[in-house]
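This report goes through a few local features of one model. Please look at the sequence and structure before reading on.

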Amino acid sequence: MDNNKKVFCEECRKDVNYVVSRISMIGKIKEKEYVYTGMEAKCADCGSFVFVPELNDGNLKALYDVYREKNGIISLETILAIPRKYDIGKRPLSILLGWGEQTFTRYCDGDMPTKQYSDILIRIYSDPAYYLEILEAGKEKLATHSYEKSKKAADTLLKSQMPAKSKIDTVIRYVLNQCEDITPLALQKAVYYIQGFYCAFYGTFLFQEDCQAWVHGPVYKDIYFRYKNYRFDPIGKSENFDVSVFSSGEKAICDSVIQNICCYSGKVLERFTHNETPWLAARGDLPVTASSDRIIEKVLIKKYFDAVKRKYSMVNPSDIKAYAEDMFRAF
């Protein structure tokens, strides 16, 4: 391939045109050899090798790209895409991650991250939910404007990755939209009660996901891992919810549970579920503090909430209030 840009040829002792060829090359990094595809240039007049700075830089990048691929290190292109993807500056991102202020900038300039830092960046790039967890946990480190615009970008990405959102995700977003300061523990219980009471009123389950009988009550495993970094802190409010995704019955159940059950703390709701048949039956003879991944079978949930609806002569979802108040008084 001819190039109109001239370079100096040591043999011809003058500036010449050159021809570029793609060839297989071998380079060494950390005492290990790597084969990569590079570019070499030859004088168009005498055929001698000539040095072209741009090609040399490209070959070095190609060598490091192969090194990154072989060793599971994030690519430079992916590193550069992260600040654009989450609308955050290089320095604020480095601070958010608890790294030196210029660490991420150096990575953008071509420095090689450690495997540990690389794994974090790979997960951040591929998982907006994980990035949101980090952003929420470290928001005090950022200026309010930086936090808000990055959160908006991450929220938008997360929503776009949920094409045909499952009903449980829709319910979660609605609960977070309506509740100002709900913790992960209380969110788990809200979703559980929405599932149970919806089945009691409409004869079918709102979503297919199973919950498990964990130490602290019914738990939807995916929800746990999604919000576990919040621990005992409230989850951030979900914005701009379109209620048209719900039928009137779905919204009525969600609203009643939010109003009549989410008014109690997660620990209080934990005590509610610890006295209910589905969790007790699933736990069986397990010790109180024993970990468990036992499924709370849907047939148990249906049977229990059907019985609750009959006992309290529930006619519409607002009648859930009587059950919640009785459970609270029981303590």
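The sections below cover a helix, the cysteines and a serine in another helix of this predicted model.

## Helix α5

Helix α5 is made of twelve residues, 115–126. From its first C-alpha to its last it reaches 16 Å, close to the 16 Å expected at 1.5 Å a residue.

Ser 118, Leu 121 and Ile 124 are buried in α5. They lie on the same side of the helix, because the arc they cover around the axis is only 125°. The cover over the buried residues of α5 includes α2 (76–86), α4 (103–108) and α6 (128–137).

## Cysteines without disulfides

The whole structure, when searched, gives zero disulfides. A disulfide would need a pair of cysteine sulfur atoms within 2.5 Å. For Cys 46, the closest cysteine sulfur is that of Cys 12, at 3.6 Å, which is too far for a bond. Cys 46 has a relative accessibility of 37%, so Cys 46 counts as partly exposed.

For Cys 262, the closest cysteine sulfur belongs to Cys 179. The two sulfur atoms are 4.3 Å apart, again too far for a bond.

## Ser 256 in helix α11

Ser 256 sits in helix α11, which spans residues 248–260. Its relative accessibility is 5%, and because buried means under 20%, Ser 256 counts as buried.

Which residues are in contact with Ser 256, leaving aside its neighbours within four places in sequence? They are Ile 261, Pro 317, Ser 318 and Ile 320.

Terms used: Residues numbered from 1 in each chain as written. Predicted model: local features only at pLDDT ≥ 70, side-chain atom pairs only at ≥ 80, totals over all residues. Heavy atoms only, no water. Helix = DSSP H or I, 4+ residues; strand = E, 2+ residues; numbered from the N terminus. Expected span 1.5 Å × (residues − 1). Buried < 20%, exposed > 50% of the residue type's maximum accessible area, 1.4 Å probe, protein only. Arc of directions from axis to C-beta. Contact = heavy atoms within 4.5 Å.
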